[in-house]
Amino acid sequence: MKGRKVQINKLKELLEMAIYVIPLATNTGNSKKRTASTQLLFTVVHSQSSSAIMDVSMSTLLDHGLFSSAQMLGCFLVSSSSVSLETSPHLKAENLVLLGDALFRDKEYKRAIHVYKQALHCHRIIPKQNATPIRSALSASTRSSSPNSFNISTINENEVKFKIASSHGALNENRAALLEMEGIPSKARNLQMNLMMGKLYRSSRHTRAAITCYKECLRHCPYIIEAIIALAELGVAAKDIISLFPQTPTRGARSTFDHFDSSRWLQRYVEAQCCIASNDYKGGLEIFAELLRRFPCNIHILLEVAKVEAIIGKTEEAITDFEKVRSIDPYVITYMDEYAMLLKQKSDYSKLNKLVHDLLNIDPTRPEVFVALSVLWERKDERGALSYAEKSIRIDERHIPGYIMKGNLFFSMNRPEAAVVAFRGAQELRPDLRSYQGLVRSYLAISKIKEALHAAREAMKAMPQSAKALKLVGDVHASNTSGREKAKKFYESALRLEPGYLGAALALAELHVIEGRTVDAVTLLERYLKDWADDSLHVKLAQVFAATNMPQDALSHYQAALRINPQNEAAKKGLERLEKQLKGVDPDAPEEDEENDVEDADADQEEAELL
């Protein structure tokens, strides 16, 4: 154990000092000085030996993860009367760092910061100490390159600053963390420090400085995946990232092949992340599929694929990949909030409820868990759901699904202005299709047609081969009478680009209905039903038939939708309304109080079960 060896070496040095100083003190002419010097030496040696033993015990407790015990022992260590700031500032500093480590690992970050700063104070006053004649003699005679010398601190000031910054980071005090890290010279930073600097600079929107730090990480080690993803998202080209990888010299044909094979898959991974960051989702998915053939059942790649599929609306494929990940490792939390949103979209509340319970049992402090909770609570309590989404952002201010969920909730609560702010927050972190879609919907809700069109065109420019982006522009034109012909062209272009995009088909059918072309709408929807048995198509057909006084056809399609997806809320409500009309009951009449009470009781029971 490294810590134990250091303390043993310290004791050996103290004994060597004793062997040297005792004869020196004996030969001193002044008897009082001789006696005082000898007593001082033995007192120091005894105190240092006792302190060293506690140091070793402290290190042992920390190494074994017994942080509470280490913290309590640390209190004895730093308060010992034998190790004071006046006589042994170097030991005082070392002991304070050990106590700070115990507090940090026990997640008492505020106390850790306080103790680490005390340690730095002790460390900095060491050169200012006025050494006694004996200490001067000792220093002159026992000078060595060892950091464990009698009057030299073994702590590394830069490492302590990094620990202070890490504590600030754990408290989301990024500005204070960055200020501390900037006190470490660039040449003294290790990989861990550079990675943290990159994250802090990126969080504070210092893009160039962040890129510099991430690049420095990859120059030393090309396998820091976090740095690769960050550089891709910051707009660095794939070839520039790959050029940073150190060229490892190889020996022999076999090792040359191994190195090429290893670097090849890493280069392809970089290219995939750069494709995704530039909204070339198709290209990114193709490369990820290639990597999965090389690394089957790779959880990280499967999660990346599922996330992209969720973003671009490939709901079924994304759900399948998320479920595959959970079958391999049921304790994964990464991107599980994305999975939760997909389950909500499919109205699969049984799976959603189980997912949230599983996540709470794994780690209830992660932002993904709070987004998943927000998704679950949306249909019961929108305000409660909103508080969960906001909590996820407080935990991690760069957590994009938190902003997306917050925007969706504000929109459903008829607060489109607030929704715009939330979607803009997501876009500032990383623009993707969902934030563009949210912005367009929100701007249209407050009749800001110009802003909606600008956002839609931004999406189309960023994703020129995306049918979803084309549909967004069509949605804006469809919002006013004069633009419906343009909307029709955009919807048709989207369907030519992606024939299976049901969103564009449904939007075009709605446009046909608005302009009185009911037959065209029915023909389009029925054509799609031949190839895609989708509940949303049945619901739209049912709504068209219901609006044109064809209740039996409408009833048939509502029932078909519920056979495909029993949890489809639109189908349930539409069927309930239609059945009332067939019975001659006004569907807009208020519900009886007893029925409302029953519904509230059911909701209360569900909430109690969740808690």
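Which helix gives the most to the lining of the second largest pocket? In this predicted model, the answer is α9, with seven residues.

The chain is built from 32 helices and has zero strands. Of its 611 residues, 46% count as buried.

Eight named helices each supply at least two lining residues: α7 (157-170), α9 (191-203), α11 (225-233), α15 (299-311), α17 (336-345), α19 (367-377), α20 (382-395) and α21 (400-412).

Rolling a probe the size of a water molecule over the atoms shows where empty space is left. The count comes to two cavities of 30 Å³ or more, and the largest cavity has a volume of about 90 Å³. This largest cavity is lined by 13 residues, with Glu233, Ile276, Ala277, Lys307 and Arg430 closest to its centre. Helices α11, α13 (252-277) and α15 are the elements that give two or more residues to its lining. The lining of the largest cavity divides into seven nonpolar, two polar and four charged residues. Because domain 1 (279-329) and domain 2 (333-461) both contribute to this lining, the largest cavity, too, lies between them.

Is Val305 buried or exposed? Its relative accessibility is 7%, and Val305 therefore counts as buried, the cut-off for burial being under 20%. Beyond its neighbours within four places in sequence, Val305 is in contact with Leu285, Phe288, Leu292 and Asp321. Tyr281 is 24 residues from Val305 in sequence, and their C-alpha atoms are 9.6 Å apart in space.

Two further residues were followed towards the end of the chain description. Lys540 lies in helix α29, which spans residues 535-547. Although lysine is a charged residue by class, Lys540 is buried, with a relative accessible area of 14%. Which residues does Lys540 touch, leaving aside its neighbours within four places in sequence? They are Leu506, Glu510 and Leu525.

Asn568, by contrast, is found in a loop, the one between α30 (551-564) and α31 (569-582). Asn568 has 10% relative accessibility and so counts as buried. Its side chain reaches the backbone nitrogen of Ala571 at 2.9 Å. When residues up to four places away in sequence are not counted, Asn568 touches Ser347, Asp535, Val539 and Leu562. One of these partners, Asp535, belongs to the residue range of α29, the helix that holds Lys540.

How values were computed
Residues are numbered from 1 along each chain as its sequence is written. This is a predicted model: local features need pLDDT of at least 70, side-chain atom pairs count only at pLDDT 80 or more; totals for chains, interfaces and linings use all residues. Side-chain values use heavy atoms; hydrogens and water are left out. Helices (H or I, at least four residues) and strands (E, at least two) are DSSP runs, numbered from the N terminus. On a 1 Å grid over the protein atoms alone, a cavity is a set of points where a 1.4 Å probe fits but cannot get out, and a pocket is an open set with protein on both sides within 12 Å along at least five of seven lines; lining residues have an atom within 4 Å of a point. Grid points are joined across faces, edges and corners, and a volume is the space filled by probe spheres set on the points. Domain bounds come from an automatic or database domain assignment. Buried means under 20% relative accessible area, exposed over 50%, partly exposed in between (1.4 Å probe, protein chains only). A polar contact is a pair of N or O atoms within 3.5 Å; within protein, one must be able to donate a hydrogen and the other to accept it, and residues adjacent in sequence count only if both atoms are side-chain atoms. Contact means heavy atoms within 4.5 Å.
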